[in-house]
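I opened this structure to take a few notes. The entries follow in the order I looked things up.

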Amino acid sequence: NIGATNVLRTGRKGLAAATLVCDVLKGTAAALLTGWLWGPQAAVLAGLGAILGHVFPVGLGFKGGKGGAPHPGLALRVPPS
């Protein structure tokens with residue numbers, strides 16, 4: 001898979017860090033934006049969607065990572081509108 005751990009195994013620490021940051025931001029951005037537009041329940045669903053999209057990416061034939069990096073987006077507490 002193309003997750004941060006495997007990128008780190010190539011010896012490219014900077015690229016692995018960038019991969020991890022982008023994966024974390026993927027879940028965070030999904031939850032924040034969705035929570036802002038449609039509320040906290042939708043934010044949780046968006047966070048779960050980001051994790052499922054990380055684990056089963058369409059572009060890689062539904063074979064991807066373990067889904068750990070996007071978890072911070074699911075853990076956000078979006079204030080009610």
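In which helix does Val-24 lie? I found Val-24 in helix 2. Helices here are DSSP runs of H or I with at least four residues, numbered from the N terminus.

I noted the source: this is a predicted model, where local features need pLDDT of at least 70, side-chain atom pairs count only at pLDDT 80 or more, and totals for chains, interfaces and linings use all residues. Residues are numbered from 1 along each chain as its sequence is written, and side-chain values use heavy atoms, with hydrogens and water left out.

I looked up the cover of Val-24 next. Val-24 is partly exposed, at 24% relative accessible area (buried is under 20%, exposed over 50%, partly exposed in between, with a 1.4 Å probe and protein chains only). Its C-alpha atom is 8.6 Å from that of Gly-68, 44 residues apart along the chain.

Then I checked for salt bridges, meaning a side-chain nitrogen of Lys or Arg within 4 Å of a carboxyl oxygen of Asp or Glu. The count is 1. Asp-23 pairs with Lys-26, with the closest N and O atoms 3.7 Å apart. The two are 3 residues apart in helix 2, so about one helical turn separates them. Asp-23 is buried at 13% relative accessible area, whereas Lys-26 is partly exposed at 34%.

Last, I looked at Trp-38, which is in helix 2 (residues 13–38). Trp-38 counts as exposed because its relative accessibility is 65%.
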